Amino acid sequence: MGKYTIRVATGSSLLAGSSNCVQLWLVGEHGEADLGKLLPPLPGKETELKVEVPLYLGRLLLVKLRKRKLLLDSDWFCKWITVQGPGTQGEAFFPCYRWVQGDGIICLPEGTALTVSDDPQNLFKTQREQEVEARKTVYRWGSWKDGLILPIAGSSRQDLPRDQRFLEDKDLDFNFSLAKGLKDLAIKGTLELAICVKRLEDFKKVLVKKTPLAARVLDCWKDDALFGYQFLNGANPMLVRRSKSLPARLLLSPGMEDLQTQLEKELQAGTLFEADFSLLDGIKPNVIMFQQQYVAAPLVMLRLQPDGKLLPMVIQLQPPRHGSPPPLLFLPSDPPMAWLLAKIWVRSSDFQVHQLQSHLLRGHLVAEVISVATMRSLPSLHPIYKLLIPHFNYTMEINTLARSTLVSEYGIFDLVVSTGSGGHVDILQRAVSYLTYRSFCPPDDLADRGLLDVTSCLYGQDALRLWGIISRYVNGMVGLFYKSDEAVTCDPELQVWCREITEIGLQGAQDRGFPLCLESRAQLCHFLTMCIFTCTGQHASAHLGQLDWYSWIPNGPCTMRKPPPTSKDVTEKDVVDSLPNLQQARMQKTIVKFLGRHQPVMVALGQHKEKYFSDPGPQAVLKQFQEELATMDEEIEVRNAQLDLPYEYLQPSKVENSVTI
Ligand SMILES: CCCCC[C@@H]1O[C@@H]1C/C=C\C/C=C\C/C=C\CCCC(=O)O
Ligand SMILES: [Ca+2]
Ligand SMILES: [Fe+2]
């Protein structure tokens with residue numbers, strides 16, 4: 001018994017306050033005390049309550065709270081509650097960081113992270129079970145298209161739990177920027193109706209405010225060196241791999257002996273690389289405004305020079321067909337326009353594979369699976385919930401938006417992208433079979449692709465380094481809560497969580513190397529590192545390059561309006577007629593600018609302010625993580641300053657803490 005001081009913090013967003021009073025109870029080991037009512041909480045404020053409690057509560061376990069709506073129910077965003085009372089516990093911290101809605105009772109466990117085995121007296125057993133059961137009704141698996149990994153249920157962002165919705169600042173920025181982009185598009189489209197693109201130069205009329213790298217792309221996009229560079233450090237560094245043999249699809253017809261010799265020489269030297277877009281083979285192209293669009297499935301062979309440059313040797317635009325002559329091969333020595341058009345076809349194919357496979361599926365949608373599975377399996381006092389929750393912010397909303405406006409029927413893809421109107425869904429479905437566990441772990445993925453020793457692959461260098469920093473962070477956290485492998489295998493909530501991701505969310509990913517259960521601390525750490533890297537670095541490496549590499553439309557055409565060339569007799573008009581028309585180019589510019597722009601509302605990797613852990617150990621581990629990130633950030637700044645082309649997409653200060661755009 002004695003005097004207790006309670007402090008209640010309300011979120012600072014405009015609508016975080018509430019006109020409802022809040023009833024509080026304090027639950028200790030030895031009893032429960034009614035703390036009375038809190039006046040309606042105000043945004044950004046901390047309210048203090050001093051209460052005389054007549055009974056001995058012992059160790060404080062929970063704060064229970066309930067909003068009492070009088071006339072109208074207004075949601076309240078509660079950040080945290082602290083309780084300072086008699087006894088040795090000091091100030092007890094009860095993290096919340098959630099919206100309190102309706103008039104149900106919410107239980108906030110004290111912030112010390114606990115696994116089931118950390119609670120031998122089962123003081124929190126009921127609370128954990130009830131919380132997860134409630135979450136499973138709120139966070140339900142949905143289904144967008146057959147054969148895909150699962151999304152959150154809900155067809156629009158209004159269907160999402162409020163805890164997953166954009167706060168006003170993000171909402172305002174998102175909607176205002178999008179509206180402005182679409183307004184400019186409409187105005188320009190009207191004012192410049194008469195303008196058409198006759199020459200490649202004309203695409204300069206469709207140029208966003210250029211980033212320094214976008215300016216270089218504009219100047220050097222025709223160069224073979226920049227074409228090859230993009231496979232290592234461009235918008236999509238996920239496709240290129242070192243060749244282990246000459247690809248079977250690469251048929252070399254008579255007269256190509258020199259090329260054959262060169263390819264074999266590079267192969268023997270271990271300097272032959274390939275980018276194979278077979279994922280696109282047979283994809284039904286879109287029809288836009290009654291005009292047939294076109295898709296190809298190129299193969300590019302490249303050689304790695306001693307100076308680190310990756311240079312194209314040959315481009316095959318389509319795979320061989322039975323009963324047809326071998327596909328035409330395009331060479332750097334071909335007439336310039338023919339070689340340029342072949343490279344443009346590769347760039348347009350890379351746009352499709354990048355945006356659908358690397359960015360949307362492997363970035364956005366896999367991050368969503370991890371977040372939904374976590375919300376359905378782990379109670380808020382579980383240490384792994386506390387570790388991961390900061391990396392889920394806004395992902396469900398941005399993905400629901402993507403499903404309802406970007407890749408939806410009559411969405412942006414249907415409107416202006418060559419793989420729209422169903423081809424894009426086929427590509428996503430095919431790409432699911434490549435969602436292997438190893439491909440989500442850069443040390444394994446880069447080894448499998450033969451890139452570990454390619455020092456000019458800055459994506460690879462930075463991905464390995466960031467993976468290592470996240471791995472040490474995860475190991476630090478796991479070491480605090482799991483003292484043995486047995487502790488991992490004996491954590492039922494953890495095992496359910498892992499299975500929920502692999503078997504349910506990723507739809508049988510155990511067939512692709514993902515674990516169905518976790519049998520050691522090392523395995524848990526690897527899995528957690530993959531989760532955090534996917535939600536942060538992997539998405540950033542696929543997202544951040546859009547503005548740099550797709551602002552100049554010919555370097556990343558969203559569609560192609562003519563079939564791939566079948567002869568080398570190519571004019572600039574053939575090239576321009578193949579590229580997106582002005583309206584399509586403007587739409588691409590608008591969306592790329594909107595998605596790729598600097599995000600004013602952004603939390604950088606590891607910089608979340610929410611305090612989910614009240615124990616000092618995790619806070620020290622987080623601090624160490626932040627220090628290592630800061631060192632990496634500074635060293636990337638220094639490195640980039642000496643580079644002709646900087647690589648920034650895995651620079652920690654530019655990597656978001658979750659997938660939000
Ligand atoms: C011209 C086509 C541009 C394509 C843009 C990108 O294809 C990418 C998809 C990958 C991830 C996108 C994820 C989220 C975006 C969500 C919403 C965008 C809203 C755009 C709109 O509403 O118009
Ligand atoms: Ca409110
Ligand atoms: Fe993104």
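**Ligand shell**

I looked up the surroundings of ligand 1 and found 19 residues around it, the closest being Q355, L360, A402, T405 and Q588; a residue is taken as near a molecule if its C-beta atom, placed from the backbone, lies within 6 Å of it. I note that this is a predicted model, in which local features need pLDDT of at least 70, side-chain atom pairs count only at pLDDT 80 or more, and totals for chains, interfaces and linings use all residues. Residues are numbered from 1 along each chain as its sequence is written, while chains are lettered from A and ligands numbered from 1 in the order in which they are written.

I then asked which helices contribute, and found that α6 (336-377), α8 (395-406), α9 (412-416) and α18 (582-596) each supply at least two residues of this shell; helices (H or I, at least four residues) and strands (E, at least two) are DSSP runs numbered from the N terminus. By class I read 14 nonpolar, five polar and no charged residues in the shell around ligand 1, where Ala, Val, Leu, Ile, Met, Phe, Trp, Tyr, Cys and Pro count as nonpolar, Asp, Glu, Lys and Arg as charged, and the others, Gly among them, as polar.

**Helix packing**

Next I checked α12 (residues 458-481) against α19 (residues 616-641), which pack at an angle of about 170 degrees with their axes 9 Å apart; axes are lines fitted to C-alpha atoms, for helices over the stretch in contact, and angles run from 0 to 180 degrees between N-to-C directions. I therefore recorded α12 and α19 as roughly antiparallel to each other, a term used for angles over 145 degrees. The contact of α12 with α19 has eleven nonpolar, three polar and four charged residues.

**Strand pairing**

I traced an open sheet of four strands in the order β4-β1-β6-β7, with antiparallel pairing; two strands pair if DSSP finds at least two bridges between them. I noted β4 (46-53) and β7 (91-100) at the edges, each with a single partner strand, so one side of each is left without a neighbour in the sheet. The twist averages 20 degrees from one strand to the next.

Within this sheet I found six bridges between β1 (residues 2-10) and β6 (residues 76-84), and I saw that I6 stands opposite V83 in β6.

Turning to β2 (residues 21-28), I found eight bridges joining this strand to β5 (residues 60-68), running antiparallel, with G28 opposite L60 in β5. I also found that β2 pairs with β3 (residues 31-38) in the antiparallel sense over seven bridges, and that β2 and β3 form a hairpin with two residues between them.

Technical notes:
Parallel < 35°, antiparallel > 145°, perpendicular 65-115°, else oblique.
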